[in-house]
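Here is a colleague's note to read slowly, with the structure open beside it. Please follow each numbered point on the model as you go.

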Amino acid sequence: MSEEADTTVLVVDDDATIRDLLEDYLGEHQYRVLGAVNGEEARRILQTQPVQAVLLDIGLPHEDGLSLARHIREQFDIGIIIIS
């Protein structure tokens, strides 16, 4: 019997290995996981998908994670965990 995930986590990290590890781990623990490689992709996902938490890398290309975190806090009521 499989349980349907009711919590969605967005993993924002440009390192595919780290992103994949987090996606696999969280997916195995009944979370719905979305992945983004940069701030632009994360913003697009946040506009179209309900997300309850964001795991956010500080060192992103084109936009640092702190700028993205500020944007998320201004626009959404979502928990943010900084990963680095």
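How many salt bridges does the structure hold? It holds two, a salt bridge being a side-chain nitrogen of Lys or Arg within 4 Å of a carboxyl oxygen of Asp or Glu.

1. Before the details, please keep in mind that this is a predicted model, in which local features need pLDDT of at least 70 and side-chain atom pairs count only at pLDDT 80 or more, while totals for chains, interfaces and linings use all residues. Residues are numbered from 1 along each chain as its sequence is written, and side-chain values use heavy atoms, with hydrogens and water left out.

2. Glu40 is exposed, at 58% relative accessible area, and Arg44 is partly exposed, at 49%, where buried means under 20%, exposed over 50% and partly exposed in between (1.4 Å probe, protein chains only).

3. Glu63 and Arg43 form a salt bridge too, with their closest N and O atoms 2.5 Å apart. This pair links distant parts of the chain, 20 residues apart, since Glu63 sits in the loop between strand E3 (53-57) and helix H3 (65-75), and Arg43 in helix H2. Glu63 is buried, with a relative accessible area of 18%, whereas Arg43 is partly exposed, with 28%.

4. The largest nonpolar core has 15 residues, and Leu10, Val12, Leu46, Val51, Val54, Leu56 and Leu68 have the most contacts inside it. Strand E1 (8-12), strand E2 (32-36), H2, E3 and H3 each give two or more residues to this core. A second, separate core has five residues, among them Val9, Val11, Leu26 and Leu55. A nonpolar core is a set of buried Ala, Val, Leu, Ile, Met, Phe, Trp, Tyr and Cys residues joined through side-chain atoms within 4.5 Å.

5. Asn38, in the loop between E2 and H2, counts as buried at 19% relative accessibility. Its side chain reaches the backbone nitrogen of Glu40 at 3.2 Å, and a polar atom of that Asn38 side chain lies 2.8 Å from the backbone nitrogen of Glu41.

Definitions and conventions: Helix = DSSP H or I, 4+ residues; strand = E, 2+ residues; numbered from the N terminus. Polar contact = N/O pair within 3.5 Å; in protein donor to acceptor, adjacent residues only side chain to side chain.
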